[in-house]
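Dear colleague,

I am handing over the structure we spoke about, with the sequence alongside. Please look through it first; my notes on what was found follow below.

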Amino acid sequence: MEPLDIFYHPVWVLSTVLLAVVVRVQRRGSWDPRACPVQLRGKTAIVTGANTGIGKMIAMDLARRGARVILACRSESRGTKALNEIRKKTGNNDVHLRLVDLCLLSSVREFAERILKEEKALHILVNNAGVSGLPRQITKEGFEASFATNHLGPFLLTNLLLDLMKSSAPARIVTLSSANHKLGKVDFAHFRGENLVHHMDWVYNHTKLHNLICTNELARRIQSTGVTANSVHPGFVMTEVIRHYPLWVRCIFNLVGFFFFKSPEEGAVSSIYCAVSEELEGVTGKYFDSDCSLVLPAPLARDAALAVKDFEVCERLTSKL
Ligand SMILES: NC(=O)c1ccc[n+]([C@@H]2O[C@H](COP(=O)([O-])OP(=O)(O)OC[C@H]3O[C@@H](n4cnc5c(N)ncnc54)[C@H](OP(=O)(O)O)[C@@H]3O)[C@@H](O)[C@H]2O)c1
């Protein structure tokens with residue numbers, strides 16, 4: 001027997017196939033969007049960062065259900081490519097591209113103004129766009145770039161569109177946080193880029209904690225308006241999210257991810273569940289795992305006093321620009 005022959009031994013091959021099957025089965029949640037009959041004709045949805053990854057799959061599902069879908073993207077060329085693909089695959093031509101750079105509050109305001117002018121209603125807002133592993137950068141408005149993109153931009157966008165959503169109720173806000181929020185800390189100096197260590201996903205983790213805290217506080221504030229706000233962890237998903245990491249990290253991520261991570265389609269499931277499922281009607285201020293189960297977020301995300309303070313700080317930071 002040659003030394004390498006051991007790898008081709010039937011026992012190894014069979015165990016690898018079995019492991020792959022078990023991982024695939026476990027990757028699937030209990031809720032299947034394809035089996036969910038909810039139709040969205042007459043409903044309008046916005047998905048941020050819809051040109052790739054999880055966001056594109058969420059937009060695809062909403063378009064398939066007949067919604068008017070607005071892809072909120074920062075790149076005209078990447079956005080147009082996704083727009084054409086979604087229209088072609090779903091047969092829904094009521095899908096539109098609107099440009100927004102979430103890391104600039106001025107761009108968020110322009111985008112929201114256009115939406116308020118053009119749209120009569122808004123039933124679903126999915127805050128999906130996000131970045132991870134960005135090197136230290138301060139935007140021209142004075143905010144740390146990851147905080148501006150992942151939290152302050154979506155925070156302002158949600159608040160600017162809130163009245164339209166209230167008048168369209170029932171309506172749902174879904175924010176993509178991450179299980180990584182458990183590793184995050186709250187320090188309000190972070191927003192301006194102070195006290196931060198830019199190493200791997202450390203900054204990202206803080207931003208994802210703020211997503212959860214402020215979504216919970218928003219849910220509390222808009223209780224009984226008919227608008228719900230929930231957060232999700234999409235799972236670990238093979239997307240472009242690690243594009244800013246060093247090559248060696250991307251290689252490991254892609255290798256491990258190939259076997260064990262979700263596809264973008266699978267990663268979209270918990271967000272679609274929160275956006276459309278009938279059983280979540282009226283459910284608000286909750287955090288859902290990638291298999292659509294309701295889970296408790298980290299203790300910091302359950303601290304009501306901290307949430308009030310965080311929301312007020314973000315309101316102050318975003319109201320000036
Ligand atoms: N993938 C995972 O394992 C994972 C795990 C937990 C949570 N999440 C969360 O899931 C969400 C989607 O991530 P993904 O994995 O699909 O990542 P992705 O493939 O990198 O997609 C991110 C999307 O956000 C957009 N975006 C980034 N910066 C933006 C800005 N300044 N303005 C407007 N759009 C911007 C990107 O646009 P461009 O293409 O133009 O850059 C892209 O469309 C993120 O919030 C992420 O934190 C992902």
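To begin with a detail of the sheet, which residue in β5 is the bridge partner of N127? Bearing in mind throughout that this is a predicted model, the answer is T175, and that bridge belongs to the pairing of strand β4 (residues 124-127) with β5, which is parallel and runs over 4 bridges. Helix α6 packs on the sheet, where it touches β5, β6 and β7, and its direction makes about 160° with that of β6.

As for the sheet as a whole, 8 strands form an open arrangement in the order β3-β2-β1-β4-β5-β6-β7-β8, with mixed pairing. Its edge strands are β3 (95-99) and β8 (294-295), each of which pairs on one side only. Over β2 (68-73) and β3 lies helix α3 (residues 76-90), which runs at about 170° to β3.

Strand β6 (residues 227-232) deserves a paragraph of its own. On one side, strand β5 (residues 171-176) pairs with β6 in the parallel sense over 6 bridges, and A171 has V227 as its bridge partner in β6. Strand β7 (residues 287-288) is also parallel to β6 and is joined to it by 2 bridges, with F288 in β7 as the bridge partner of V232. Together, β5, helix α6 (residues 202-221) and β6 make a right-handed β-α-β unit. Why can β6 be called largely enclosed by the rest of the structure? The reason is that 6 of its 6 residues are buried; V227, A229 and S231 point one way from the strand, while T228, N230 and V232 point the other way, and all are buried.

Apart from neighbours within four places in sequence, G267 is in contact with I54, P234, G235, V237 and K262. By contrast, L280, which is 13 residues from G267 in sequence, lies 19 Å from it in space, C-alpha to C-alpha.

Finally, the ligand is surrounded by 29 residues, of which the closest are G49, G53, A129, G130 and T239. By class, the shell around the ligand divides into 12 nonpolar, 13 polar and 4 charged residues, and helix α2 (residues 53-64) gives the most to this shell, with 3 residues.

With best regards

Technical notes: Residues are numbered from 1 along each chain as its sequence is written. This is a predicted model: local features need pLDDT of at least 70, side-chain atom pairs count only at pLDDT 80 or more; totals for chains, interfaces and linings use all residues. A residue is buried if 20 or more other C-beta atoms lie within 10 Å of its own, exposed if 12 or fewer, and partly exposed in between; C-beta atoms are placed from the backbone. Two strands pair if DSSP finds at least two bridges between them. A crossover is right-handed if, with the strands pointing away from the viewer, the path from the first strand over the helix to the second runs clockwise. Two residues are in contact if their C-beta atoms, placed from the backbone, lie within 7 Å. A residue is near a molecule or strand if its C-beta atom, placed from the backbone, lies within 6 Å of it. Ala, Val, Leu, Ile, Met, Phe, Trp, Tyr, Cys and Pro count as nonpolar, Asp, Glu, Lys and Arg as charged, and the others, Gly among them, as polar. Axes are lines fitted to C-alpha atoms, for helices over the stretch in contact, and angles run from 0 to 180 degrees between N-to-C directions.
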